[in-house]
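Me: I would like to learn how to read the pockets and cores of a model. Can we take one feature at a time?
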Amino acid sequence: MYTHRALSTMDLTDICGFPQTEQELLYVGPGFRFPLTPEQISHSLMNRFEPTVVIEEDSGQIAAYANLYNRSGHACWLGNVIVSPSHRGRGAGEFLLHAMMHKAKEN
């Protein structure tokens with residue numbers, strides 16, 4: 001089972017280990033350079049909101065990450081979506097998408 005919370009700076013190093021290749025990182029964010037660093041994520045947050053991590057309840061391990069951006073009126077975009085390799089195919093991505101849709105509707 002999963003839960004979610006706001007991103008903490010302590011999460012950045014774990015998230016940087018999620019993209020396994022340059023091409024995979026390109027899908028997370030075309031402005032990122034491989035390997036991903038905490039500084040790159042921090043810099044991207046300058047124009048993002050609701051940076052969110054999904055946590056596996058049993059282990060406390062970070063399972064996924066995303067944020068929202070380009071808010072205008074009643075619309076915004078989902079960005080920098082990535083799931084930890086160890087949680088792919090286990091429902092973390094689906095949980096993340098539902099959490100982010102809920103956050104988008106709140107704002």
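Me: By class, how many nonpolar, polar and charged residues does the lining of the largest pocket have?
Reply: First, note that this model is predicted. The lining has 7 nonpolar, 5 polar and 1 charged residues.

Me: How do I read the pocket itself?
Reply: Rolling a probe the size of a water molecule over the atoms shows where empty space is left. Here, the largest pocket holds about 150 Å³ of space. It is lined by 13 residues, and closest to its centre are Val 28, Gly 29, Pro 30, Arg 48 and Asn 80.

Me: Which elements give two or more residues to the lining of the largest pocket?
Reply: H2 and S4 do. S4 gives the most, with 4 residues.

Me: Now the largest nonpolar core. Which residues touch the most other members?
Reply: Ile 15, Ile 41, Val 53 and Tyr 65, out of 15 residues. Helices H1 (12-16) and H2 (22-28) and strands S2 (48-56) and S3 (62-72) each give two or more residues to this core. H1 has the largest share, 3 residues. Another core lies apart from it, with 11 residues, including Ala 63, Ala 66, Leu 96 and Met 100.

Me: Beyond its neighbours within four places in sequence, what is Ile 15 in contact with?
Reply: Leu 7, Leu 36, Ile 41, Val 53, Ile 62, Tyr 65 and Ile 82.

Me: Is His 87 buried or exposed?
Reply: Buried means under 20% relative accessible area. His 87 has 1%, so it counts as buried. His 87 sits in the loop between strand S4 (75-83) and helix H4 (92-106). Setting aside neighbours within four places in sequence, His 87 contacts Tyr 2, Glu 56, Gln 61, Ile 62, Ala 63 and Ala 92.

How values were computed:
Residues numbered from 1 in each chain as written. Predicted model: local features only at pLDDT ≥ 70, side-chain atom pairs only at ≥ 80, totals over all residues. Heavy atoms only, no water. Core = buried A, V, L, I, M, F, W, Y, C linked by side-chain atoms within 4.5 Å. Buried < 20%, exposed > 50% of the residue type's maximum accessible area, 1.4 Å probe, protein only. Contact = heavy atoms within 4.5 Å. 1 Å grid on protein atoms, 1.4 Å probe; cavity = no way out; pocket = protein on both sides within 12 Å on 5 of 7 lines; lining within 4 Å. Points joined across faces, edges and corners; volume = space filled by probe spheres on them. Nonpolar A, V, L, I, M, F, W, Y, C, P; charged D, E, K, R; others polar.
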